[in-house]
Amino acid sequence: VQLVESGGGLVQAGGSLRLSCEASGFAFSTYAMGWLRQAPGKEREFVASINWSGSSPYYAESVEGRFTISRDNARNTVFLQMTELKPEDTAVYHCAADLYVVTTTSEYWGQGTQVTVSS
């Protein structure tokens with residue numbers, strides 16, 4: 001299983017970023033996918049998840065209404081569109097895969113991409 005994230009960077013508060021995660025080595029279209037994040041000194045935190053078909057997204061309360069998760073099963077890719085970014089969104093964002101439901105203990109996750117939001 002390989003999950004490779006991209007799209008992170010430095011952005012001012014109120015700005016937007018779009019993260020991508022390219023997956024390989026497993027049957028992508030049958031797995032739930034999601035995003036987790038970890039800030040320095042803090043535990044890994046659930047951000048968003050989406051079921052295998054893309055019909056059921058789910059968000060942490062802290063990002064609801066600002067972030068949108070989507071997937072393209074033909075390209076084995078999952079996305080996270082982030083808008084109205086806040087300094088507290090600063091973290092390393094990891095893509096995660098799970099056969100059932102993505103949680104902070106999901107077995108498969110990538111190396112991550114850094115998102116830094118300046119105030």
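Let's start in the middle: the largest nonpolar core has 35 residues, and Met33, Trp35, Leu80, Met82 and Tyr93 touch the most other members. A nonpolar core here is a set of buried Ala, Val, Leu, Ile, Met, Phe, Trp, Tyr and Cys residues joined through side-chain atoms within 4.5 Å. Buried means under 20% relative accessible area, with a 1.4 Å probe and protein chains only (exposed is over 50%, partly exposed in between).

Strands 3, 4, 5, 7, 8, 9 and 11 each give two or more residues to this core. The largest share, 5 residues, comes from strand 9. Here is where some of them run:

| Strand | Residues |
|---|---|
| strand 3 | 17-24 |
| strand 4 | 32-38 |
| strand 8 | 77-82 |
| strand 9 | 91-98 |

In soluble globular proteins, nonpolar side chains tend to be buried together.

A quick word on the source: this is a predicted model, where local features need pLDDT of at least 70, side-chain atom pairs count only at pLDDT 80 or more, and totals for chains, interfaces and linings use all residues. Residues are numbered from 1 along each chain as its sequence is written, and side-chain values use heavy atoms, leaving out hydrogens and water.

Now zoom out. The protein has 11 strands and 0 helices (DSSP runs numbered from the N terminus: E, at least two residues, for strands; H or I, at least four, for helices). Of its 119 residues, 44% are buried. The C-alpha atoms fill a box of roughly 40 × 25 × 25 Å along the principal axes. Take contacts (heavy atoms within 4.5 Å) between residues at least 6 apart in sequence: 55% of them join residues at least 24 apart.
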